[in-house]
Amino acid sequence: MSDTAAATAYPYDRAALRAELATLDQVPGASKPDPILTVDNVVRRFGGNVAVNVDHLEVQRGAITALIGPNGAGKTTFFNLITGFDTPSNAPGILASGDDRARWNFNGRALTRTNASRVARAGMIRTFQLTKALSRMTVLENMLVGANNQPGENLFAGLVKPIWAAREKENIERANEILARFKLDAKRDDMAGGLSGGQKKLLEMARALMSDPAMIMLDEPMAGVNPALTQSLLEHIQQLRDEGTTVLFVEHDMHMVRHISDWVVVMAQGEIIAEGLPEEIMTSAAVVDAYLGAHHDRDLGDDDVLSTGVINAIAAEVENESREEAR
Ligand SMILES: Nc1ncnc2c1ncn2[C@@H]1O[C@H](COP(=O)(O)OP(=O)(O)OP(=O)(O)O)[C@@H](O)[C@H]1O
């Protein structure tokens, strides 16, 4: 790409995207210039425990958005809901119009309460905190499971050998390309069960790309990855964004959050309590005070800083500020 093309290739040019994000209100539920995902009124209860209670969230197309928050904040449950692996607790048809209050739209399509395989076909693909690599299949076979044009998915195509064979060939070629990019090509015929934890994470991300998603949702991509593979994972995520894929990821590793995200959403006790640019979310005076108290010399990159107490302190701080502004 020429320099001029790169400079005008918004939203995939990071500097332009960042500049646009910097003009936004840094408040929970902030409107984005071009949201790929919009979520409203999503509630999930487990008995008396409200795990997720998201009023409104917009995820900017083409950006890397980090979803952070302490253990039990509701991040994974939120991922499960949006991707059809779980269903909201709001009763459908609660409005007089018979409309479902919980709703989310992705890439121009209503996906509320849509099952996981349809969500995947709509272009929203997720990975899991604990990798779901199928250990008794080879690496290549795992990749083929990720293709969303598998012959078996369509009875007609499955029965007609030429269509089946052509698709399989196409899928194998694509799998080979992606495996090479992730430096897993040498492992192609090995059982996935024999890969290291970090390689399984890479395989999971590689498999997610088989269906060419518009948005990839990564649940703790760095957990269990050794330092040697960390850099490689970071580069893959940034490369995806640079190619136009929207990335939404949950992560406890604050160095990673600060290093690669364009926007940060903070969740606590099921709610979105703050949103903003990474440097502002992690260094704004209110947040630093709330996180660190007297320890101003400490780096917010430290994982342990994100304790529940600290997040609750931020929530209180944000609430106080909005109350003062309302006066
Ligand atoms: N299947 C379940 N049954 C009962 N409670 C659940 C279930 N899944 C999650 N929860 C509860 O919902 C809340 C949110 O959990 P969730 O795993 O979504 O948080 P999280 O932010 O992803 O945490 P972590 O960072 O530790 O992964 C927690 O209180 C958790 O105990």
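Mentor: This is a predicted model. The shell around the ligand holds Phe 46, Asn 49, Ala 51, Gly 69, Asn 71, Gly 72, Ala 73, Gly 74, Lys 75, Thr 76 and Thr 77. Two elements give two or more residues each: strand 2 (49–60) and helix 3 (75–82).

Trainee: Which element gives the most to the shell around the ligand?

Mentor: Helix 3, with 3 residues.

Trainee: How do the residues of the shell divide into nonpolar, polar and charged?

Mentor: There are 3 nonpolar, 7 polar and 1 charged. Gly counts as polar here.

Trainee: What is the strand order of the open sheet of 4 strands?

Mentor: The order is 2-1-4-5, and the pairing is antiparallel.

Trainee: Why do strand 2 and strand 5 (109–110) stand at the edges?

Mentor: Each has a single partner strand, so one side of each has no neighbour in the sheet.

Trainee: What makes strand 4 (residues 103–106) and strand 5 a pair?

Mentor: A pair needs at least two bridges. Strand 4 and strand 5 share 2 bridges, in the antiparallel sense, so they count as paired. Asn 105 stands opposite Ala 110 in strand 5.

Trainee: Why is Asp 212 called partly exposed?

Mentor: Exposed means 12 or fewer neighbours, buried means 20 or more. Asp 212 has 13 C-beta neighbours inside 10 Å, so it counts as partly exposed. Its phi is positive, about 55°, although Asp 212 is not a glycine.

Trainee: Why is Gln 269 called partly exposed?

Mentor: Gln 269 has 19 C-beta neighbours inside 10 Å. Buried takes 20 or more, so Gln 269 counts as partly exposed. Gln 269 lies in the loop between strand 9 (263–268) and strand 10 (271–276).

Technical notes
Residues numbered from 1 in each chain as written. Predicted model: local features only at pLDDT ≥ 70, side-chain atom pairs only at ≥ 80, totals over all residues. Near = placed C-beta within 6 Å.
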